[in-house]
Amino acid sequence: MENLRVALQSKGRLNEKSLDILRNAGIRIEESSRRLLTMSENFPLEVLYLRDDDIPQTVSCGIADIGIVGLNEVEERGFDVKILKRLKFGKCRLSLAVPKTETYTGLSYFEGKRIATSYPNILRRFFEKNSINCEIREIAGSVEIAPSIGMADGIFDIVSSGGTLVSNGLAEVEVVMHSEAVLIASPSLDECKDNILEEFMFRLESVMLSKGKKYMLVNIPNDKVEEALEIIPSMKSPTLLPLADKEWSAIHAVVEDDDLWKKSVQLKKIGAEDILVLSLEKVIL
Ligand code: ATP
Ligand code: MG
(Lines give C-alpha, C1' and ligand atoms only; values in the text may rest on other atoms or scores of the structure.)
(Ligands and ions follow the chains in the order given, each with its own letter.)
Protein backbone atom coordinates (compact mmCIF):
# COMPACT_ATOMS: atom_id res chain seq x y z
CA MET A 1 0.00 0.00 0.00
CA GLU A 2 1.31 3.42 -0.95
CA ASN A 3 1.69 6.36 1.41
CA LEU A 4 0.71 9.94 0.78
CA ARG A 5 3.79 12.08 1.28
CA VAL A 6 3.31 15.56 2.75
CA ALA A 7 6.04 18.22 2.71
CA LEU A 8 6.10 20.45 5.81
CA GLN A 9 8.41 23.27 6.86
CA SER A 10 11.14 21.70 9.01
CA LYS A 11 11.37 24.62 11.40
CA GLY A 12 10.14 28.17 11.41
CA ARG A 13 6.81 29.85 11.64
CA LEU A 14 4.67 27.25 9.91
CA ASN A 15 6.16 24.10 11.41
CA GLU A 16 4.21 23.78 14.66
CA LYS A 17 0.80 24.68 13.24
CA SER A 18 1.31 22.36 10.26
CA LEU A 19 1.99 19.48 12.63
CA ASP A 20 -1.06 20.52 14.69
CA ILE A 21 -3.20 20.03 11.61
CA LEU A 22 -2.05 16.44 11.30
CA ARG A 23 -2.41 15.85 15.04
CA ASN A 24 -5.94 17.28 15.14
CA ALA A 25 -6.86 15.09 12.19
CA GLY A 26 -5.92 12.11 14.37
CA ILE A 27 -2.70 11.39 12.44
CA ARG A 28 0.14 10.48 14.79
CA ILE A 29 3.63 11.46 13.71
CA GLU A 30 6.70 10.37 15.60
CA GLU A 31 8.43 13.66 16.37
CA SER A 32 11.30 12.94 18.67
CA SER A 33 13.80 12.06 15.99
CA ARG A 34 13.08 14.92 13.56
CA ARG A 35 14.48 12.97 10.69
CA LEU A 36 14.04 14.23 7.15
CA LEU A 37 11.29 11.69 6.55
CA THR A 38 8.92 10.22 9.16
CA MET A 39 6.07 7.81 8.78
CA SER A 40 2.73 8.05 10.57
CA GLU A 41 1.94 5.13 12.86
CA ASN A 42 -1.78 5.10 12.21
CA PHE A 43 -2.46 6.69 8.78
CA PRO A 44 -0.89 6.00 5.35
CA LEU A 45 1.01 9.26 5.37
CA GLU A 46 4.66 10.22 5.64
CA VAL A 47 6.13 13.64 6.41
CA LEU A 48 9.04 15.15 4.50
CA TYR A 49 10.60 18.11 6.37
CA LEU A 50 11.97 20.87 4.11
CA ARG A 51 12.87 24.56 3.92
CA ASP A 52 9.69 26.36 2.94
CA ASP A 53 11.36 27.72 -0.23
CA ASP A 54 11.65 24.17 -1.57
CA ILE A 55 8.11 22.98 -0.87
CA PRO A 56 6.34 24.25 -4.04
CA GLN A 57 8.88 22.63 -6.38
CA THR A 58 8.97 19.37 -4.42
CA VAL A 59 5.19 19.08 -4.66
CA SER A 60 5.03 20.23 -8.26
CA CYS A 61 7.40 17.53 -9.47
CA GLY A 62 5.79 14.81 -7.33
CA ILE A 63 8.61 14.12 -4.85
CA ALA A 64 5.95 15.03 -2.29
CA ASP A 65 2.25 14.60 -3.08
CA ILE A 66 0.95 17.44 -0.95
CA GLY A 67 2.49 20.24 1.11
CA ILE A 68 1.75 23.04 3.55
CA VAL A 69 3.41 26.35 2.69
CA GLY A 70 2.73 30.09 2.59
CA LEU A 71 0.77 31.29 -0.45
CA ASN A 72 3.56 33.87 -0.87
CA GLU A 73 6.07 31.08 -1.59
CA VAL A 74 3.68 29.38 -4.03
CA GLU A 75 3.17 32.63 -5.94
CA GLU A 76 6.84 33.56 -5.89
CA ARG A 77 8.18 30.21 -7.09
CA GLY A 78 5.56 29.86 -9.82
CA PHE A 79 5.55 26.05 -9.97
CA ASP A 80 2.50 24.18 -11.16
CA VAL A 81 0.62 23.02 -8.05
CA LYS A 82 -3.03 22.80 -7.07
CA ILE A 83 -4.12 24.97 -4.14
CA LEU A 84 -6.54 22.75 -2.22
CA LYS A 85 -7.30 24.82 0.84
CA ARG A 86 -6.48 28.01 2.70
CA LEU A 87 -5.54 26.99 6.22
CA LYS A 88 -6.20 30.22 8.18
CA PHE A 89 -2.82 30.46 9.88
CA GLY A 90 0.52 32.06 8.98
CA LYS A 91 -1.38 35.14 7.91
CA CYS A 92 0.68 38.05 6.67
CA ARG A 93 0.79 40.55 3.83
CA LEU A 94 3.43 41.48 1.27
CA SER A 95 3.80 45.23 1.18
CA LEU A 96 5.82 48.05 -0.26
CA ALA A 97 7.40 50.36 2.30
CA VAL A 98 9.43 53.55 2.03
CA PRO A 99 11.38 55.65 4.56
CA LYS A 100 8.80 57.43 6.71
CA THR A 101 10.44 60.78 5.96
CA GLU A 102 9.34 60.47 2.29
CA THR A 103 6.11 61.96 1.00
CA TYR A 104 4.31 59.10 -0.71
CA THR A 105 2.33 60.21 -3.73
CA GLY A 106 0.82 56.95 -4.97
CA LEU A 107 2.18 54.11 -7.09
CA SER A 108 3.92 56.42 -9.57
CA TYR A 109 6.25 57.31 -6.68
CA PHE A 110 8.08 54.05 -7.45
CA GLU A 111 8.89 54.97 -11.07
CA GLY A 112 12.68 54.72 -11.47
CA LYS A 113 13.23 53.73 -7.82
CA ARG A 114 15.31 50.83 -6.46
CA ILE A 115 13.35 48.30 -4.39
CA ALA A 116 14.96 45.58 -2.27
CA THR A 117 13.05 42.31 -1.84
CA SER A 118 13.22 38.54 -1.44
CA TYR A 119 10.09 38.27 -3.60
CA PRO A 120 11.23 39.60 -7.00
CA ASN A 121 8.72 37.66 -9.11
CA ILE A 122 5.61 38.78 -7.24
CA LEU A 123 6.90 42.36 -7.28
CA ARG A 124 7.82 42.27 -10.97
CA ARG A 125 4.34 41.06 -11.89
CA PHE A 126 2.75 43.76 -9.72
CA PHE A 127 4.75 46.58 -11.31
CA GLU A 128 4.20 45.21 -14.83
CA LYS A 129 0.46 45.17 -14.22
CA ASN A 130 0.62 48.77 -13.07
CA SER A 131 3.06 49.88 -15.81
CA ILE A 132 5.71 51.09 -13.40
CA ASN A 133 9.40 50.74 -14.21
CA CYS A 134 11.64 50.22 -11.27
CA GLU A 135 14.83 48.40 -10.41
CA ILE A 136 14.25 45.28 -8.33
CA ARG A 137 17.20 44.30 -6.14
CA GLU A 138 16.87 40.75 -4.92
CA ILE A 139 18.36 40.11 -1.50
CA ALA A 140 17.93 37.02 0.64
CA GLY A 141 17.44 38.47 4.13
CA SER A 142 17.26 41.63 6.28
CA VAL A 143 15.48 43.46 3.49
CA GLU A 144 14.29 46.13 5.91
CA ILE A 145 17.77 47.59 6.45
CA ALA A 146 18.41 48.15 2.70
CA PRO A 147 17.14 51.77 2.58
CA SER A 148 19.16 52.87 5.62
CA ILE A 149 22.42 51.56 4.14
CA GLY A 150 21.75 53.23 0.81
CA MET A 151 21.12 50.02 -1.08
CA ALA A 152 17.51 50.77 -2.05
CA ASP A 153 14.87 53.51 -2.00
CA GLY A 154 12.17 51.23 -0.68
CA ILE A 155 11.44 47.63 0.16
CA PHE A 156 8.90 44.95 -0.65
CA ASP A 157 8.59 42.44 2.18
CA ILE A 158 6.40 40.38 4.48
CA VAL A 159 4.57 42.37 7.13
CA SER A 160 2.45 40.99 9.93
CA SER A 161 2.29 43.46 12.82
CA GLY A 162 4.37 46.17 11.15
CA GLY A 163 6.71 46.46 14.15
CA THR A 164 9.84 45.65 12.13
CA LEU A 165 9.05 48.38 9.62
CA VAL A 166 8.52 51.00 12.30
CA SER A 167 11.74 50.12 14.11
CA ASN A 168 13.61 50.58 10.82
CA GLY A 169 12.06 53.98 10.11
CA LEU A 170 9.85 52.67 7.29
CA ALA A 171 6.18 53.25 6.48
CA GLU A 172 3.97 50.68 4.72
CA VAL A 173 2.45 52.37 1.67
CA GLU A 174 0.94 49.60 -0.53
CA VAL A 175 -0.34 46.11 0.27
CA VAL A 176 0.40 43.94 -2.77
CA MET A 177 -0.90 40.58 -1.56
CA HIS A 178 -2.40 38.82 1.45
CA SER A 179 -0.96 35.45 2.33
CA GLU A 180 -1.67 32.54 4.64
CA ALA A 181 -0.62 28.91 4.82
CA VAL A 182 -2.21 26.78 2.09
CA LEU A 183 -2.49 23.07 1.39
CA ILE A 184 -1.09 22.34 -2.07
CA ALA A 185 -1.06 19.15 -4.15
CA SER A 186 0.78 17.73 -7.13
CA PRO A 187 -1.05 18.28 -10.42
CA SER A 188 -1.56 14.54 -10.83
CA LEU A 189 -1.88 11.87 -8.16
CA ASP A 190 -2.56 8.20 -8.79
CA GLU A 191 -5.86 6.72 -7.67
CA CYS A 192 -4.54 5.20 -4.46
CA LYS A 193 -2.99 8.47 -3.30
CA ASP A 194 -6.08 10.34 -4.38
CA ASN A 195 -8.16 8.15 -2.07
CA ILE A 196 -5.85 8.79 0.86
CA LEU A 197 -5.98 12.52 0.10
CA GLU A 198 -9.76 12.42 0.06
CA GLU A 199 -9.84 10.87 3.54
CA PHE A 200 -7.26 13.40 4.74
CA MET A 201 -9.30 16.31 3.35
CA PHE A 202 -12.45 14.97 5.02
CA ARG A 203 -10.68 15.00 8.39
CA LEU A 204 -9.16 18.41 7.72
CA GLU A 205 -12.55 19.96 6.89
CA SER A 206 -13.97 18.63 10.17
CA VAL A 207 -11.10 20.04 12.18
CA MET A 208 -11.36 23.40 10.44
CA LEU A 209 -15.12 23.63 10.87
CA SER A 210 -14.69 23.44 14.64
CA LYS A 211 -12.11 26.24 14.68
CA GLY A 212 -13.24 29.38 16.47
CA LYS A 213 -16.40 27.70 17.73
CA LYS A 214 -17.72 26.56 21.11
CA TYR A 215 -20.46 24.23 22.26
CA MET A 216 -23.05 25.95 24.43
CA LEU A 217 -25.66 24.43 26.76
CA VAL A 218 -28.36 26.74 28.06
CA ASN A 219 -31.27 26.18 30.43
CA ILE A 220 -34.28 28.25 29.47
CA PRO A 221 -37.94 28.54 30.57
CA ASN A 222 -40.17 26.84 27.97
CA ASP A 223 -41.96 30.05 27.02
CA LYS A 224 -38.63 31.66 26.10
CA VAL A 225 -37.32 28.86 23.89
CA GLU A 226 -38.29 30.51 20.62
CA GLU A 227 -36.64 33.78 21.53
CA ALA A 228 -33.52 31.92 22.64
CA LEU A 229 -33.35 30.07 19.32
CA GLU A 230 -33.25 33.39 17.52
CA ILE A 231 -30.18 34.33 19.54
CA ILE A 232 -28.42 30.99 19.04
CA PRO A 233 -29.61 29.45 15.77
CA SER A 234 -28.43 25.88 15.31
CA MET A 235 -26.62 24.20 12.41
CA LYS A 236 -29.71 22.30 11.24
CA SER A 237 -32.56 21.74 13.62
CA PRO A 238 -32.05 22.84 17.25
CA THR A 239 -31.28 20.29 19.97
CA LEU A 240 -33.95 20.86 22.59
CA LEU A 241 -34.12 18.66 25.69
CA PRO A 242 -36.72 18.64 28.47
CA LEU A 243 -35.42 19.19 32.00
CA ALA A 244 -36.71 17.37 35.10
CA ASP A 245 -38.49 20.61 35.98
CA LYS A 246 -41.34 20.52 33.42
CA GLU A 247 -41.31 24.29 32.96
CA TRP A 248 -37.75 24.33 31.66
CA SER A 249 -35.77 23.05 28.65
CA ALA A 250 -32.12 22.88 27.64
CA ILE A 251 -30.83 24.10 24.29
CA HIS A 252 -27.55 22.84 22.86
CA ALA A 253 -25.93 24.96 20.16
CA VAL A 254 -22.65 25.68 18.41
CA VAL A 255 -21.60 29.33 18.60
CA GLU A 256 -18.73 31.39 17.23
CA ASP A 257 -16.09 32.33 19.82
CA ASP A 258 -16.44 35.98 18.88
CA ASP A 259 -20.17 36.02 19.63
CA LEU A 260 -19.99 34.09 22.87
CA TRP A 261 -20.20 36.90 25.42
CA LYS A 262 -22.68 38.98 23.50
CA LYS A 263 -25.01 36.00 23.11
CA SER A 264 -24.62 34.95 26.74
CA VAL A 265 -25.73 38.39 27.90
CA GLN A 266 -28.72 38.34 25.52
CA LEU A 267 -29.72 34.89 26.79
CA LYS A 268 -29.42 35.92 30.45
CA LYS A 269 -31.66 38.91 29.71
CA ILE A 270 -34.51 36.69 28.54
CA GLY A 271 -34.18 34.44 31.59
CA ALA A 272 -31.59 31.80 30.66
CA GLU A 273 -29.69 30.11 33.48
CA ASP A 274 -26.74 27.78 33.91
CA ILE A 275 -25.00 28.52 30.63
CA LEU A 276 -22.22 26.00 30.03
CA VAL A 277 -19.61 26.57 27.35
CA LEU A 278 -17.48 23.63 26.22
CA SER A 279 -14.67 23.41 23.74
CA LEU A 280 -15.59 21.86 20.40
CA GLU A 281 -13.12 19.41 18.98
CA LYS A 282 -14.56 18.39 15.63
CA VAL A 283 -17.61 18.97 13.49
CA ILE A 284 -18.29 16.02 11.22
CA LEU A 285 -20.98 16.82 8.69
P1 ATP B 1 12.87 28.34 6.02
O2 ATP B 1 14.03 28.11 6.92
O3 ATP B 1 11.91 27.17 6.02
O4 ATP B 1 13.25 28.80 4.65
P5 ATP B 1 11.93 31.07 6.40
O6 ATP B 1 12.85 31.79 7.30
O7 ATP B 1 11.99 31.29 4.93
O8 ATP B 1 12.02 29.51 6.74
P9 ATP B 1 9.68 31.76 8.14
O10 ATP B 1 10.15 33.05 8.72
O11 ATP B 1 9.65 30.56 9.03
O12 ATP B 1 10.40 31.39 6.76
O13 ATP B 1 8.21 32.03 7.57
C14 ATP B 1 7.50 31.06 6.88
C15 ATP B 1 6.21 31.67 6.34
O16 ATP B 1 5.42 32.17 7.39
C17 ATP B 1 6.37 32.85 5.40
O18 ATP B 1 6.70 32.47 4.08
C19 ATP B 1 4.96 33.46 5.47
O20 ATP B 1 4.08 32.74 4.61
C21 ATP B 1 4.53 33.18 6.90
N22 ATP B 1 4.58 34.36 7.80
C23 ATP B 1 3.58 34.79 8.59
N24 ATP B 1 3.91 35.88 9.29
C25 ATP B 1 5.17 36.17 8.97
C26 ATP B 1 6.09 37.19 9.38
N27 ATP B 1 5.77 38.13 10.24
N28 ATP B 1 7.33 37.16 8.84
C29 ATP B 1 7.69 36.20 7.99
N30 ATP B 1 6.84 35.21 7.57
C31 ATP B 1 5.60 35.19 8.03
MG1 MG C 1 12.41 30.16 3.42
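For the classes used below, Ala, Val, Leu, Ile, Met, Phe, Trp, Tyr, Cys and Pro count as nonpolar, Asp, Glu, Lys and Arg as charged, and the others, Gly among them, as polar. The model is predicted, so that local features need pLDDT of at least 70 and side-chain atom pairs count only at pLDDT 80 or more, whereas totals for chains, interfaces and linings use all residues. Residues are numbered from 1 along each chain, ligands are numbered from 1 in the order written, and side-chain values use heavy atoms, without hydrogens and water.

**Exercise 1.** Describe the shell around ligand 1 by class.

Solution. The shell has three nonpolar, six polar and six charged residues. Among the 15 residues around ligand 1 (a heavy atom within 4 Å), R51, D52, D53, N72 and S160 come nearest.

**Exercise 2.** Find polar contacts (N or O pairs within 3.5 Å) to oxygen atoms of ligand 1.

Solution. A polar side-chain atom of Q9 lies 2.9 Å from such an oxygen, while for D53 the distance is 2.7 Å, and for N72 it is 2.7 Å.

**Exercise 3.** Identify the protein donors of the magnesium ion, ligand 2.

Solution. Counting N, O and S atoms within 2.8 Å of the metal (3.2 Å for Na, K and Ca), the donors are D52 (OD) and D53 (OD), lying 2.1 Å from the ion.

Note on methods
A polar contact is a pair of N or O atoms within 3.5 Å; within protein, one must be able to donate a hydrogen and the other to accept it, and residues adjacent in sequence count only if both atoms are side-chain atoms.
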